[in-house]
Every structure is written in C-alpha cells, then in structure tokens.
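Have the viewer ready, and take the topics in any order you like.

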Amino acid sequence: MLDGDAERLMAALEDVLQPNVSLSPILSIRTGGPARLLLEASNERGVCRAIEEARRLGIPILLVGNGSNTLVADTGFDGLVIHFGPDYADIVIDGDAVEAQSGALLPVVAKRVAEAGLTGFEFASGIPGSIGGAAFMNAGAFGRDFSTIVERVRCLTPQGEILELDNQDMAYGYRTSRFMQEGLVVLHVRMKLAPGNKEEILVRMDTYTAERRAKQPLNYPSAGSFFRRPEGHFAGALIEEAGLKGHRVGGAAVSTLHAGFLINLGDATTADFLALMHEVQGEVLTRFGVQLENEVRIVGVDPT
Ligand SMILES: Cc1cc2nc3c(=O)[nH]c(=O)nc-3n(C[C@H](O)[C@H](O)[C@H](O)COP(=O)(O)OP(=O)(O)OC[C@H]3O[C@@H](n4cnc5c(N)ncnc54)[C@H](O)[C@@H]3O)c2cc1C
C-alpha cells in the first residue's frame, strides 16, 4: 500500500482511522505486527463507508472480531483493519430471539440470554470470540455450532450491497460458511433460542466452563485449536501420538495439556508459530498420512 493511498483514505474518512496500530494486543495469540490503518467500528454506516472507500482505492481490508482465531504476519497488515470491538457490540433480546452487532462477545451474550431464561446458547458461552467471527467461522463446541442458532444475518458483499440472509442461504458446514466463501462482512446477527429454565442453563454453562478449564491451556495465549478436525480423526490425538506434546519452536509450543492447541510461551513470534505448524504438519503426515489443515486464519503470509 502506498503512503498516498493511506493519506487519501484517511482524508476521505475524516481522520477516524488510526495509523500504525499494534495488532498483537487484540489477537489472543499475542503475536503479529501493526495494522497500517485501523478503524474501530462504531456504526454500520461508518463500516460500510470505510469498506467502500478502501475498495475504491484498492486498499486491502482485514476484519477482526475478538481476534481469537487469527494469526497475523510479524510484518503486520499493510492495509485497513476493521475491528469489531466494544463500540459495535449492542445486544437486544426480543422474546426468544437475540439481535447482536458483530462485536458482541459470546460470553457476554451467553450471560445476557441466560439471565433472560433463554436456552440454546450455552455451548458458545466459553468460546472467546465475537458474534461476527463466530457466525463467519460457524464456531462450535459440545456437539453444536452456530448454524443451529443463527436465524438471519445482515451482511455486506464485496460489491458493496447489503444482503439479509436466512439460515438456509448461509452454506454452513464444519467451520465454514458463505460469509467465509464469498468474503461477506457480517454486520448484524439475529439468533433464535428457546425458553428454558434459568438455573439449569447456568448449571450447563458452569459444566462447560469446568470442562474447558480442565482440558484447555487457558493460562497461555493461543488461538484455540490450531488445526481443523481431519476426517475420521482428532488433530490433538494425532499430534499427541506423534510425540509432539511440549515440542517448541522459539516461543511457540504444542500444549502439554491439549496437543491441538499451539501456545505462546511469552515471547513467540508469528514466524515461530508458522515454523511449529509446519513441523507438526510434516510429522503427522509422515506418521499417519493425514494432512492437517489450519483452522486458524493466517493473514499476510502464505501458510503453505
Ligand atoms: C481458548 C480458546 C478456545 C476456543 N474454543 C473454541 C471452540 O470451542 N470452538 C470454536 O469453534 N472455536 C474456538 N476458538 C476459536 C475462536 O474463538 C472462534 O473461531 C471464534 O468464533 C472466533 O471469533 P473472533 O471474533 O475472535 O474471530 P477473529 O479471530 O477476529 O476472526 C476470525 C475470522 O473471522 C473473520 N471475521 C471476524 N469478524 C467478522 C465479521 N464481522 N464479518 C466477516 N468476517 C469476520 C476474520 O476476518 C477472520 O477470518 C477458541 C479460541 C481460543 C483462544
């Protein structure tokens, strides 16, 4: 991206953009270089306008929700990062439906709907993502995923058109969606839940939290399960059987608690994670003939 383009975009957007913002604090894995320009999303019109201007100038765009499934190059992102964070996180409960802006956090939504006596969201209560990121990834846990609760999504197409999609039009599959396949920007999500017993909902959420605490290395920065579940296997089990628990490259390591998690021991770089990812993939392929694919979204570097 040229300096002149950055200046033209900043001028067009009346200086709401911040230049050279470090991304590692907003990415749960805590690595990655700066964003050339960052927009803190605060309203739908502003987001659409920024995207339209950036596209007109040919400036690359990266969307970040809670950054819990994203790994950005150590050199950063030479374009516009749009962060769907706390300023774009309204939640409205309407009977047994919940409307949320993309930046609303899943644990916050979970608490709100539990208080309102709505069931169906418990599975997502411990996933540290945003509603937009979860609708895009079709995030899931404990046998359920977002496709089972999302009713309607307002999104923006690469051509700048606003679409209202119903569930059956979202091409949901295992950790995939039409939003991912077509590069659609998730603006607003409506979810359908069911009336339930508040005490039972809270107990279910506590049980899921306890299970996560016991099985996942939550005391280290990570992006959750690094690899997609390969057909007929579990990535973590294959990595463990390959003897890679605890294996390190620089400051990145395979968790000793859950081998599907690659963790940051404190001073890891994105290059460390990529090198570790390649070593793990190579070893699992050699031993078991299974190609592990990253679930984590890798930005600014070719992951192959
Ligand atoms: C400790 C831990 C546990 C986890 N457990 C689980 C789990 O149980 N199940 C699971 O599925 N995942 C899990 N994850 C991964 C992650 O939390 C989910 O994938 C989550 O849905 C990502 O949401 P996010 O907002 O953080 O996404 P981000 O990392 O911000 O973004 C992920 C992808 O979505 C895109 N995106 C973000 N917002 C939008 C938007 N508004 N419109 C269009 N695209 C967008 C980004 O460009 C990126 O490609 C875990 C992660 C951690 C760190």
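Predicted model: local features only at pLDDT ≥ 70, side-chain atom pairs only at ≥ 80, totals over all residues.

Numbering runs from 1 along each chain as its sequence is written.

**Ligand shell**
- The ligand is surrounded by 32 residues, a residue being near a molecule if its C-beta atom, placed from the backbone, lies within 6 Å of it.
- The closest are G65, G129, G132, G133 and G224.
- Among the elements that each supply at least two shell residues are β3 (61-64), β13 (185-192) and β15; helices (H or I, at least four residues) and strands (E, at least two) are DSSP runs, numbered from the N terminus.
- Helix α4 (131-137) gives the most to this shell, with 5 residues.

**Domains**
- The chain is assigned domain 1 (3-86), domain 2 (89-201) and domain 3 (217-299), with bounds from an automatic or database domain assignment.
- The centres of domain 1 and domain 3, taken over C-alpha atoms, are 28 Å apart.
- In domain 1, 14 residues are in contact with 14 residues of domain 3 (C-beta atoms, placed from the backbone, within 7 Å).
- Strand β4 (residues 70-72) gives the most to that side of domain 1, with 3 residues.

**Open sheet**
- An open antiparallel sheet has 4 strands in the order β15-β18-β17-β16, where pairing requires at least two bridges found by DSSP.
- Its edge strands are β15 (222-225) and β16 (248-249).
- Strand β16 pairs with β17 (residues 252-254) over 2 bridges, and R248 stands opposite A253 in β17.

Definitions and conventions
Contact = placed C-beta atoms within 7 Å.
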